[in-house]
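Keep the sequence and the 3D view open side by side, and look up each residue as we reach it.

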Amino acid sequence: MTAQPSTSARVSNASSELLNTSDPRLQALHHWLSGLSSEFSLDMANWAPASADASFRRYFRIGSHAPAHPSLIVMDAPPPQEDCRPFVHVAQLLEEAGLQAPKVLAEDLAQGFLLLTDLGRETYLDVLTEDNARPLMRDALDALIVWQKNSRTDVLPAYDTALLKRELDLFPDWYIGKHLKVELSESQRATLDRINQLLIDSALAQPKVFVHRDYMPRNLMPGLPGTTGPGILDFQDAVYGPLTYDVISLMRDAFLSWDEERQLDWLAYYWERARKAGLPVDADFGEFYRQAEWMGLQRHLKVLGIFARINYRDGKPRYLADTPRFLDYARKVADRYAPLRPLAKLLDELTGQQVDVGYTF
């Protein structure tokens with residue numbers, strides 16, 4: 001058995017590579033941090049990659065000698081592909097709502113650099129088990145209700161027809177066209193257009209609240225000691241839109257699948273708590289569930305397109321492995337509701353797959 005290097009050795013090696021990099025953005029980032037090192041007691045010899053995501057953003061963890069912050073997070077969001085201003089804005093909204101989110105300590109918006117508080121190293125995706133899933137997911141739902149209760153108009157971009165349509169167009173453009181290499185017939189295209197309009201109309205008919213837009217276990221963290229509720233990450237794409245978007249995103253995740261009985265339990269928990277909190281959820285749970293399912297289907301189709309685009313445009317293939325999960329979600333929902341069944345037939349034609357529908361409403 002080959003001995004693995006210690007954590008401190010790995011951090012030291014990573015720090016050395018970052019400090020001696022030829023990457024011009026990392027050189028600029030290091031220069032920017034050097035100017036902040038005294039104010040925030042930064043340990044400039046102790047920084048390493050923290051995470052990367054499906055966008056162009058990168059995150060690094062840097063040591064600090066300040067007792068209150070033994071480590072901090074640095075975001076590198078290169079313009080013009082990324083814009084830090086929405087992140088700063090939404091971080092402030094979450095803080096005003098009393099929710100846990102990275103606090104922006106320093107910013108250079110022109111270069112696309114942020115220095116943030118560190119909420120830890122583990123996300124829900126790392127720690128969820130059969131034993132702790134119920135309390136952790138309920139914590140996430142309670143935090144979501146707080147976020148939605150703090151909603152106001154004219155604060156975040158609208159999740160409008162144009163945005164919903166652009167998202168849905170990702171499915172035929174990237175998943176069907178680029179990944180499956182299929183050109184839709186006129187009748188197939190017409191079917192998809194009709195389904196898309198149904199989904200858009202359903203989304204726009206819902207009450208509007210703040211929408212995180214990626215409210216899922218990968219972007220939630222167990223609360224730090226002395227805090228309540230989850231830490232919330234990756235919120236820069238937040239919009240003002242359909243009430244069911246975030247709750248169904250949490251239930252039907254890109255990287256985890258839950259049985260439908262458990263999903264129903266959590267959705268009922270949210271529905272009851274949201275009603276008590278005064279949120280405008282539908283008084284009929286069956287109609288609320290339909291709204292959530294149709295909203296989820298819009299997201300499933302969008303994500304299939306996004307995962308294909310990330311592979312073929314950005315050279316990040318690992319997300320394609322999770323596309324069967326979204327096809328399964330989409331196929332089940334489409335076959336549950338008569339107006340959506342033409343989509344189920346189309347998916348069968350495209351993939352040659354059929355799935356067990358499960359609960360029907």
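## The chain as a whole

Of the 361 residues in this chain, 50% count as buried, where buried means under 20% relative accessible area, exposed means over 50%, and partly exposed is in between (1.4 Å probe, protein chains only). Please keep in mind that this is a predicted model, in which local features need pLDDT of at least 70 and side-chain atom pairs count only at pLDDT 80 or more, while totals for chains, interfaces and linings use all residues. Residues are numbered from 1 along each chain as its sequence is written, and side-chain values use heavy atoms, with hydrogens and water left out.

The chain has twelve helices and nine strands; these are DSSP runs numbered from the N terminus, with helices being H or I of at least four residues and strands being E of at least two. The chain is as compact as a globular protein of that length, because its radius of gyration is 22 Å, close to the 21 Å that the globule rule gives for 361 residues. Here the radius of gyration is taken over C-alpha atoms, and the globule rule is 2.2 Å times the number of residues to the power 0.38. The C-alpha trace spans about 65 × 50 × 50 Å along its principal axes. Among contacts in the chain with a separation of 6 or more, 69% are between residues 24 or more positions apart; contact means heavy atoms within 4.5 Å.

## Helices α9 and α10

Find helix α9 (residues 260–276) and helix α10 (residues 285–312), which pack at an angle of about 115° with their axes 11 Å apart. Axes are lines fitted to C-alpha atoms, for helices over the stretch in contact, and angles run from 0 to 180 degrees between N-to-C directions. α9 and α10 are therefore roughly perpendicular to each other (angles of 65 to 115 degrees count as roughly perpendicular, under 35 as roughly parallel, over 145 as roughly antiparallel and the rest as oblique). Their crossing is right-handed; a crossing has that name if the near helix is turned clockwise from the far one by less than a right angle, and is left-handed if anticlockwise.

Which residues of α9 and α10 meet? From α9 come E260, L264, L267, A268, Y270 and W271, and from α10 come F285, F288 and Y289. By class, the residues of this contact of α9 with α10 are eight nonpolar, no polar and one charged. Ala, Val, Leu, Ile, Met, Phe, Trp, Tyr, Cys and Pro count as nonpolar, Asp, Glu, Lys and Arg as charged, and the others, Gly among them, as polar.

In the loop between α9 and α10 you will find A283. A283 is exposed, with a relative accessible area of 56%. Not counting residues up to four places away in sequence, A283 touches W271 and R275.

## Helices α10 and α11

α10 also packs with helix α11 (residues 323–336), at an angle of about 145° and with the axes 9 Å apart. The crossing of α10 and α11 is left-handed. On the α10 side, the contact is made by Y289, E293, L297, H300, V303, L304 and F307, and on the α11 side by T323, F326, L327, Y329, A330, V333 and R336. The contact of α10 with α11 has ten nonpolar, two polar and two charged residues.

## Backbone details in the loops

P79 and P80 are joined by a cis peptide bond, with omega about 0°. P80 sits in the loop between β3 (69–76) and α3 (85–96).

R213 is not a glycine, yet its phi is positive, at about 90°. Look for R213 in the loop between β6 (208–211) and β7 (220–221); R213 is buried, with a relative accessible area of 16%. D234, another residue other than glycine, has a positive phi near 55°. D234 lies in the loop between β8 (231–232) and β9 (239–242) and counts as buried at 16% relative accessibility.

## Two leucines to look up

L198, in helix α7 (residues 186–205), is partly exposed at 31% relative accessibility. Leaving aside neighbours within four places in sequence, L198 is in contact with W294, P339 and L340.

L125 belongs to helix α4 (residues 124–127) and is partly exposed, with a relative accessible area of 29%. How far apart are the C-alpha atoms of L125 and M221? They are separated by 8.4 Å, although these two residues are 96 residues apart along the chain.
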